[in-house]
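Subject: Structure handover

Hello,

Here is the structure I said I would pass on. My notes on it follow below.

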Amino acid sequence: MPKRKQKNNTDKPKSKQTKNSSRNSTNKNQVFTFSGHNILERTVGRKKVYDVYQNGNLIDTADSLYGAEHIADARYSHQKKEENNAKNQTPVSEKNKFPDKFPFWGRLKIEKNRPTLVIDEDIVIDKKSQKEVEGFVHREVLHKQVKGQKGIMPNPDKTDPNPMYLQKPRKLPKRLIKPLDIEFDMPKELKEMYEKNNNKNK
């Protein structure tokens with residue numbers, strides 16, 4: 001539970017004083033900070049009450065410090081829950097979307113998180129759930145020569161002067177591949193080889 005901080009209040013209005021309450025006029029109002037809220041302690045008659053403030057606005061009053069802390073804690077938890085819900089409902093940005101046509105570059109979420117060329121989609125068996133799920137057909141990017149395969153030059157990764165090699169096609173559930181987070185070119189020969197997969201179900 002967050003630690004309670006105590007300080008003298010200089011900003012909050014003091015409780016109303018009358019001619020018959022001179023005894024209270026010498027008391028300084030106390031302010032406690034708890035769960036992002038300010039709790040103002042003030043005296044009404046012979047009783048102490050505790051006002052709970054958030055961002056300078058009075059939101060509730062309790063007859064004990066414990067009750068005020070409970071109000072502040074509940075409000076804080078509710079606010080955090082709403083913030084998390086709003087965050088989870090944030091629309092997916094364009095950078096996190098897959099292109100709508102094959103082929104395109106992606107990145108594996110498993111093994112060494114290598115880039116991969118996504119060339120098609122198919123139904124696959126998810127090893128985790130042992131159920132059929134939507135999947136991608138992909139060719140993982142390699143940096144070593146593959147027997148019988150000609151390297152791709154220039155390398156689609158402009159930062160790599162060496163040829164790029166692609167592993168034979170494999171299938172994975174879509175959840176295990178994400179959009180590529182760096183810029184790769186798409187060689188004309190790869191585009192011509194796999195763009196026909198966009199029309200096979202039409």
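Contact here means heavy atoms within 4.5 Å. On that basis Gln 54 touches His 37, Ile 59, Arg 75 and Gln 79, leaving aside residues up to four places away in sequence. Please keep in mind throughout that this is a predicted model.

Gln 54 belongs to strand β4, residues 47–54. With a relative accessible area of 16%, Gln 54 falls under the 20% limit and therefore counts as buried. Its side chain and that of Arg 75 are joined by a polar contact of 3.4 Å.

Overall layout

The chain contains 3 helices and 11 strands. Read from the N terminus, the order of elements is β-α-β-β-β-β-α-β-β-β-β-β-β-α. The chain has 202 residues, and 37% of them count as buried. Of the contacts between residues at least 6 apart in sequence, 52% join residues at least 24 apart. The accessible surface of the chain is about 14,800 Å², and carbon and sulfur atoms account for 48% of that surface.

In soluble globular proteins, nonpolar side chains tend to be buried together. The largest nonpolar core in this model has 12 residues: Trp 105, Leu 117, Ile 119, Val 137, Val 141, Ile 152, Met 164, Leu 166, Leu 180, Phe 184, Leu 190 and Tyr 194. At least two residues of this core come from each of β7 (115–126), β8 (131–142) and α3 (188–194). Another core, of 10 residues, lies apart from it and includes Phe 32, Phe 34, Ala 62 and Ile 71.

Leu 190 is one of the residues of the largest core. Not counting residues up to four places away in sequence, Leu 190 touches Pro 103, Trp 105, Leu 117, Ile 152 and Leu 166.

Salt bridges

How many salt bridges does a search of the whole structure find? The search gives 11. Among them is the pair of Lys 174 and Glu 121, whose closest N and O atoms are 3.0 Å apart. This pair links distant parts of the chain, with Lys 174 in the loop between β10 (170–173) and β11 (177–179) and Glu 121 in strand β7, 53 residues apart. Both partners are partly exposed: Lys 174 has a relative accessible area of 24%, and Glu 121 is at 34% relative accessibility.

Asp 126 forms a salt bridge with Arg 175, the closest N and O atoms lying 2.9 Å apart. Is Asp 126 buried or exposed? At 6% relative accessibility, Asp 126 counts as buried, whereas Arg 175 is partly exposed at 40%.

Lys 174 also forms a salt bridge with Glu 134, with 3.4 Å between the closest N and O atoms. Here too the pair links distant parts of the chain: Glu 134 is in strand β8 and Lys 174 in the loop between β10 and β11, 40 residues apart. Glu 134 has a relative accessible area of 53%, which is over the 50% limit, and therefore counts as exposed.

Regards

Key
Residues are numbered from 1 along each chain as its sequence is written. This is a predicted model: local features need pLDDT of at least 70, side-chain atom pairs count only at pLDDT 80 or more; totals for chains, interfaces and linings use all residues. Side-chain values use heavy atoms; hydrogens and water are left out. A nonpolar core is a set of buried Ala, Val, Leu, Ile, Met, Phe, Trp, Tyr and Cys residues joined through side-chain atoms within 4.5 Å. Buried means under 20% relative accessible area, exposed over 50%, partly exposed in between (1.4 Å probe, protein chains only). Helices (H or I, at least four residues) and strands (E, at least two) are DSSP runs, numbered from the N terminus. Accessible areas come from the Shrake-Rupley method with a 1.4 Å probe; for residues, only the protein chains shown count as cover. A polar contact is a pair of N or O atoms within 3.5 Å; within protein, one must be able to donate a hydrogen and the other to accept it, and residues adjacent in sequence count only if both atoms are side-chain atoms. A salt bridge is a side-chain nitrogen of Lys or Arg within 4 Å of a carboxyl oxygen of Asp or Glu.
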